[in-house]
Amino acid sequence: NNCSDNEMFGILLINYCDNNTISDNTASNNGVVLDGNGICLENHCYNNNISGNIVRNKGISQITGIELSSSCSDNTISGNTSEYIGGGIYFNFTSATIVNNIISGNYAESYGAGIYCAYQSSPDITDCEITDCGDGGIICNYGSNAHISSCQITNNESKQGGGIAAEDSSSITVTDCIITGNYAPVAGGVF
């Protein structure tokens with residue numbers, strides 16, 4: 001178990017992050033931070049199990065479970081919790097590609113429990129399973145443009161757009177996806 005009370009990352013993995021298990025860690029900070037990521041994966045992220053991690057913060061401006069800035073394939077990202085946004089994966093000003101990932105059972109108290117795309121991010125999300133996430137399967141915000149293809153987006157829930165939501169000048173392109181069993185008081189599937 002790792003614990004971080006600094007102003008940035010609980011775990012920072014630079015360059016290639018392949019064939020690892022990152023589990024049951026807690027990153028916390030009680031101050032005001034601009035970035036307070038629990039896990040930051042830069043460059044390539046392949047065949048990892050990222051599960052059971054918790055990011056805690058009070059008085060934050062931006063915090064996430066896992067921030068990704070490049071390619072990510074064949075990973076299992078499950079059971080992670082963020083007390084703010086992006087419980088599973090968070091894209092911030094990036095155009096990363098994720099392929100063949102299982103993103104399940106993640107939770108975010110505000111939104112984007114599975115995947116949160118923000119600040120003009122343009123991720124390509126392909127062949128992923130995004131399931132059972134509490135507060136949104138995929139949320140795009142602040143001018144982001146996600147391309148989602150051949151994904152299964154099931155059994156997620158949110159305040160609006162339980163499966164997928166695009167807000168604040170964001171857009172989504174969805175091709176050949178299965179979007180079913182999602183729940184929200186406003187637009188359970190896509191908002």
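## Contacts and overall make-up

Among the contacts in the chain with a separation of 6 or more, 72% are between residues 24 or more positions apart; contact here means heavy atoms within 4.5 Å. This is a predicted model, in which local features need pLDDT of at least 70 and side-chain atom pairs count only at pLDDT 80 or more, while totals for chains, interfaces and linings use all residues. Residues are numbered from 1 along each chain as its sequence is written, and side-chain values use heavy atoms, with hydrogens and water left out.

The secondary structure comes to 26 strands and 0 helices. Both are DSSP runs numbered from the N terminus, with at least four residues for helices (H or I) and at least two for strands (E). Of the 191 residues, 50% count as buried, that is, under 20% relative accessible area, against over 50% for exposed and in between for partly exposed (1.4 Å probe, protein chains only). The chain exposes about 7,900 Å², and carbon and sulfur atoms supply 45% of that area (Shrake-Rupley method, 1.4 Å probe; for residues, only the protein chains shown count as cover).

## A parallel sheet

Threonine 21 stands opposite asparagine 49 of E8.

## Two nonpolar cores

The largest nonpolar core holds 22 residues, and Ile98, Ile115, Ile125, Ile130, Ile138 and Ile148 touch the most other members. Such a core is a set of buried Ala, Val, Leu, Ile, Met, Phe, Trp, Tyr and Cys residues joined through side-chain atoms within 4.5 Å. Strands E14 (89-92), E18 (115-118), E21 (138-140) and E22 (145-149) each give two or more residues to this core. A second, separate core of 6 residues includes Ile85, Tyr116, Ala118 and Ala165.

Beyond its neighbours within four places in sequence, isoleucine 148 contacts residues including Ile125, Ile138, Ile164 and Cys177. Over in E14, Ile89 and Phe91 point one way and Tyr90 and Asn92 the other way, and all are buried. E14 runs parallel to E18, joined by 4 bridges, and asparagine 92 has alanine 118 of E18 as its bridge partner.

## Cysteines and a buried asparagine

How many disulfides does a search of the whole structure find? The count is 0, where a disulfide is a pair of cysteine sulfur atoms within 2.5 Å. The sulfur of cysteine 140 has its closest cysteine sulfur in cysteine 117, at 3.8 Å, too far for a bond. Cysteine 140 is buried at a relative accessible area of 0%, and cysteine 133 is buried too, at 1%.

Asparagine 141 lies in the loop between E21 and E22 and counts as buried, at 2% relative accessibility. Leaving out residues up to four places away in sequence, asparagine 141 touches several residues, among them Tyr111, Cys117, Glu167 and Ser170. The C-alpha atoms of asparagine 141 and serine 169 are 7.2 Å apart, although 28 residues separate them along the chain.

Key:
Pairing = 2+ DSSP bridges.
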